[in-house]
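Here are my notes on this model, point by point. Please read them with the structure open.

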Amino acid sequence: MTSAPEAKSSQTRDLDALIVGAGFSGLYQLLCLRDRLGLSVQVLETAGGVGGTWYWNRYPGARCDSESHAYCYSFDEDLMREWQWSERYPQQPEIMRYLNHVVDRFDLKRDIRFNTRVASAHYDEAANRWHVRTEAGEEFSATFLITAVGCLSTANVPKIPGLESFAGDWYHTGQWPHDGVDFSGKRVGIVGTGSTGIQAIPVIAETAAHLTVFQRTANYSVPARNVPLTAEFRRWVRENTAEIRRTTRATPNGHPFLISERLARETPAGERQALYEAAWEKGGLQFRATFQDLLVDKEANDTAAAFIRGKIREIVKDPATAAKLADIDHPYAAKRPPIDTGYFESYNRGNVSLVDVRAAPIERITPEGIRTREGDYPLDIIVFATGFDAMNGPLLRMDIRGRNGVPLAEAWEAGPRNYLGLQVAGFPNLFTVTGPGSPSVLCNMPVAIEQHVEWITDCIAHLRARGLKRIEPKPEAVDRWVDQVNEAANATLLPLATHSWYLGANVPGKPRVFMPYAGGMVQYRAICADVAARGYEGFVLS
């Protein structure tokens with residue numbers, strides 16, 4: 001049985017490929033399919049401009065935690081040389097300027113339709129076409145559907161009773177007003193101390209009359225040591241673009257630095273402490289690269305965890321506050337490891353206080369503020385830094401239906417299942433960029449994105465060169481890949497953070513499945529290349 005083809009409007013636009021999303025992924029996928037393969041391509045984007053995650057995440061302090069000279073496209077060395085970053089870790093506005101520069105340089109905007117949200121995407125097996133309808137009623141038909149919707153694009157606003165009654169203003173960091181928010185003289189409450197909260201808290205504290213931080217889960221953080229880039233460093237980047245690209249492609253996380261071969265467990269305590277001190281002073285995610293065994297050996301990890309807890313107690317002057325901040329219940333970097341600018345120092349300000357909502361849970365939001373088990377906190381503004389329905393959330397928000405009209409939400413009812421993080425059984429010619437089952441969020445994203453996009457492009461070119469019309473994974477290949485994703489995760493300490501969004505644990509009712517591939521970008525790239533070299537082993541091509 002096949003699903004009945006949808007009635008085709010006379011206004012339906014026929015395409016070779018349709019891409020959903022105009023962030024890093026969608027822009028590069030458009031460039032590859034349109035300019036390299038010569039296909040007819042359209043990008044549909046909900047926002048009013050390019051940028052994806054960066055279009056929406058304009059909260060105070062929004063900044064990349066990958067180093068700027070590697071948080072960019074590397075497919076074009078001239079592009080790498082001509083763009084000059086200003087800081088070690090770029091802020092949101094600079095990333096937006098970069099992406100708009102790329103759009104203008106490659107004339108991408110003419111094939112992007114903004115302010116256009118996809119309502120449904122249904123596969124018609126008889127015609128081998130994806131029929132896509134927007135919320136405004138526009139219709140498109142395409143052979144290939146590529147979702148480039150990002151991993152962190154569906155805001156997770158917690159369902160706290162009474163939110164609708166709050167007399168003040170409330171915001172989610174992932175849906176920030178483009179004209180900003182004035183905190184001057186306001187009593188502000190922020191819920192959440194993940195990467196976003198850790199970036200926003202120091203900046204909000206500078207102007208708020210008082211900032212109350214509602215900490216659900218204490219978190220590690222390492223100073224970013226962000227600095228303006230020197231002329232000498234910029235020159236080095238221009239002269240070493242090929243080397244930077246080689247390094248990012250040779251490291252498990254796609255960053256421009258190598259992980260040390262030293263083992264924390266085998267390093268004498270005094271030497272180990274000195275290495276941690278040096279890494280702390282250097283700052284950034286390189287702290288995680290101090291020893292090779294930090295994410296695979298709990299005893300090794302305990303040494304890093306203890307070091308950071310010690311730093312928290314050194315920095316935060318109030319012992320009770322320091323104790324709450326250092327009461328961390330997971331291994332270092334088992335959740336996304338934040339880097340910060342003045343986060344722990346913020347708690348030394350007279351206008352910042354910390355509430356431990358694990359000890360005293362939030363009961364409801366009142367018209368006046370937030371009520372916990374221990375009392376009321378009057379507020380004028382509430383900020384939710386509560387993250388996203390990550391990885392599969394953006395996909396499930398659309399009504400995607402495959403063969404026989406089966407919804408993707410039904411196929412993934414027990415958690416996401418796919419092959420290589422790229423395709424889903426029963427959904428021919430649907431490709432997902434940096435979705436569940438791929439390294440994605442465990443990697444410097446542009447590196448993962450380029451690999452995904454280039455693999456998808458080569459795959460479509462392979463099909464067209466051989467007169468083939470469709471590709472989808474075999475169910476047994478999906479089973480094997482899900483097992484490999486679980487095995488890769490279980491070989492690390494990552495699953496020990498049982499409340500991590502890597503597992504979907506931040507969204508009530510979401511299946512607890514470890515979603516990203518934790519075997520590293522180098523291994524993943526090799527697996528994907530081998531599958532292609534074997535004639536797309538594990539896929540059905542017809």
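1. Two strands pair if DSSP finds at least two bridges between them. Strands (E, at least two residues) and helices (H or I, at least four) are DSSP runs, numbered from the N terminus. This is a predicted model: local features need pLDDT of at least 70, side-chain atom pairs count only at pLDDT 80 or more, and totals for chains, interfaces and linings use all residues. Residues are numbered from 1 along each chain as its sequence is written, and side-chain values use heavy atoms, with hydrogens and water left out.

2. Three strands form an open sheet in the order S13-S14-S15, with antiparallel pairing. Strand S13 (362-366) and strand S15 (375-378) are the edges, each pairing on one side only. S13 and strand S14 (residues 369-372) are joined by four bridges. Isoleucine 362 has threonine 372 in S14 as its bridge partner.

3. Valine 406 sits in the loop between strand S17 (399-401) and helix H12 (408-411). Valine 406 counts as partly exposed because its relative accessibility is 29%; the class lies between buried (under 20%) and exposed (over 50%), with a 1.4 Å probe and protein chains only. Leaving aside residues up to four places away in sequence, valine 406 touches Ile400, Arg401 and Phe427 (contact: heavy atoms within 4.5 Å).

4. Valine 406 and proline 161 are 245 residues apart in sequence. In space, their C-alpha atoms are 34 Å apart.
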